[in-house]
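Hi,

Here is the structure I promised to pass along. Have a look at it first, and then read on for what turned up when I went through it.

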Amino acid sequence: MIPAKEFILAYNELFKFLHRKYGKKAVVNFWFYISDNFLKNLDKLVKEKGIAGMAEYWTHTLTEEKAVYTMSVGPDYFEIFMKKCPSVGIMNKRKVKKYPYYCEHCVLYKRIIEKYGFVYKIKFIDKEKGVCKIKIHKKREKNGDNC
Amino acid sequence: MKGKIHKDFHGALSVGFEFLDKNFGKKAVEEYLKQFAENIYGWLIKKIKNNGLSELERYWSEIFSEEEGEFEIKRRDNEEIVLKVKKCPAIYHMKEKGYPVYSDFCIQCKVINEVIGNKTCYISKIKYDKKGRCEQKLRKK
């Protein structure tokens, strides 16, 4: 059994394998596949609770993964400042060769979040140390009367 | 402080196998697992080469205990080691949470053990029922 604590290593190897054999498009397709077939709990939470659902989801996962982060939640925004990404930490500790586009896999959340009237943005601050910012806000309604 | 183990990762890995199989065939799943084992378990292979099967016993005990599996390990010096899993924590967790389980999820143990066995002069055999019970054996060549 590949233990859960070694999953990140398995994930990283899968990205590398897909890229080497079938190109980056296959890796991106895999992220979309994960988003559509595995993140149903996040989908349900965002659909039913909106921002409160995002807070519930990430509090649970980031606590279990022992991430170092701050979370800001408001009525129409949600932000995570990731100070030490647990995935990057594991790979650095085990000294494995990181998939160069590893951090980009977090776009798989965008596909879910934006379905429900939000805008999802991620900024990679330091990919080697695992520092990034996720900013989500409610999509602003366009004012049609040109005032 | 030790955190809780994020067992949902088993579900994500299962979806990964399913994606590989669906798009590139079962051979791709095996090829990927071989790459994973060779790149990630070098440290364990080295330990087995240096100190014998007690290292594999230690590793199996640690991971199955941490994830609260039901298992039993019997080792005959450096001749043979048998792991009997009565409750695989990965399969039980996925079933409990309602995650789809890839039809040959257990192939991971088959391929990983073969890589470890090939590199340490052991013959690997495995029997599994795909429901969370299996017997994994490594015997000296």
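**What I found**

Lys121(A) is exposed, with 11 other C-beta atoms within 10 Å of its own; a residue counts as exposed at 12 or fewer. Lys121(A) sits in strand β3 of chain A. Its C-alpha lies 20 Å from that of Lys49(A), and 72 residues separate Lys121(A) from Lys49(A) in sequence. Before you read too much into any of this, please keep in mind that the model is predicted.

**Chain A overall**

Chain A has six helices and four strands. Going from the N terminus, the order of its elements is α-α-α-α-β-β-α-α-β-β. If you box in the C-alpha atoms of chain A along the principal axes, you get roughly 55 × 30 × 30 Å. Of the 147 residues in chain A, 31% are buried. Looking at contacts in chain A with a separation of 6 or more, 49% of them are between residues 24 or more positions apart.

**The sheet in chain A**

The four strands of chain A make an open sheet in the order β1-β2-β4-β3, with antiparallel pairing. At the edges are β1 (68-73) and β3 (118-126) of chain A; each has a single partner strand, so one side of each has no neighbour in the sheet. On average, neighbouring strands here are turned by 10° against each other, direction ignored.

What does β3(A) pair with, and over how many bridges? The partner is strand β4 (residues 131-138) of chain A, and the two run antiparallel over eight bridges. Lying across β1, β2 (77-84) and β4 of chain A is helix α4 (residues 51-64), which runs at about 170° to β1(A).

**The sheet in chain B**

Chain B has an open sheet of four strands too, in the order β1-β2-β4-β3 and with antiparallel pairing. The edge strands are β1 (70-76) and β3 (122-128) of chain B, and because each has a single partner strand, one side of each is left without a neighbour in the sheet. From one strand to the next, the twist averages 10°.

β3(B) pairs with strand β4 (residues 134-140) of chain B, in the antiparallel sense and over seven bridges. Within that pair, Ile126(B) has Gln136(B) in β4(B) as its bridge partner. Helix α4(B) packs on the sheet, where it touches β1 and β2 (80-87) of chain B, and its direction makes about 175° with that of β1(B).

**Where the chains meet**

How many residues of each chain are involved in the contact between chain A and chain B? There are 26 from chain B, in contact with 23 from chain A. On the chain B side, α1 (9-24), α2 (26-40), α4 (54-66) and α6 (107-120) each supply at least two residues. The largest share comes from α1(B), with nine residues. Sorted by class, the side of chain B that touches chain A has 14 nonpolar, eight polar and four charged residues.

Val29(B), Tyr32(B), Leu33(B), Phe36(B) and Ala37(B) are buried in α2(B). Seen down the axis of α2(B), its buried residues fall within an arc of 135°, so they line one face of the helix. And what covers them? The cover includes α1 (7-22) of chain A, together with α1 and α6 of chain B.

**Two loop residues with positive phi**

Lys95(A) is not a glycine, yet its phi is positive, at about 55°. You'll find Lys95(A) in the loop between α5 (86-94) and α6 (110-113) of chain A. Lys95(A) counts as exposed because it has 6 C-beta neighbours inside 10 Å.

In chain B, Asp77(B) has a positive phi of about 40°, and it is not a glycine either. Asp77(B) is placed in the loop between β1 and β2 of chain B. With 10 other C-beta atoms within 10 Å, Asp77(B) is exposed.

Cheers

How values were computed
Residues numbered from 1 in each chain as written. Chains lettered and ligands numbered in written order. Predicted model: local features only at pLDDT ≥ 70, side-chain atom pairs only at ≥ 80, totals over all residues. Contact = placed C-beta atoms within 7 Å. Nonpolar A, V, L, I, M, F, W, Y, C, P; charged D, E, K, R; others polar. Buried ≥ 20, exposed ≤ 12 C-beta atoms within 10 Å, placed from the backbone. Arc of directions from axis to C-beta. Pairing = 2+ DSSP bridges. Axes fitted to C-alpha atoms, helices over the stretch in contact; angles between N-to-C directions.
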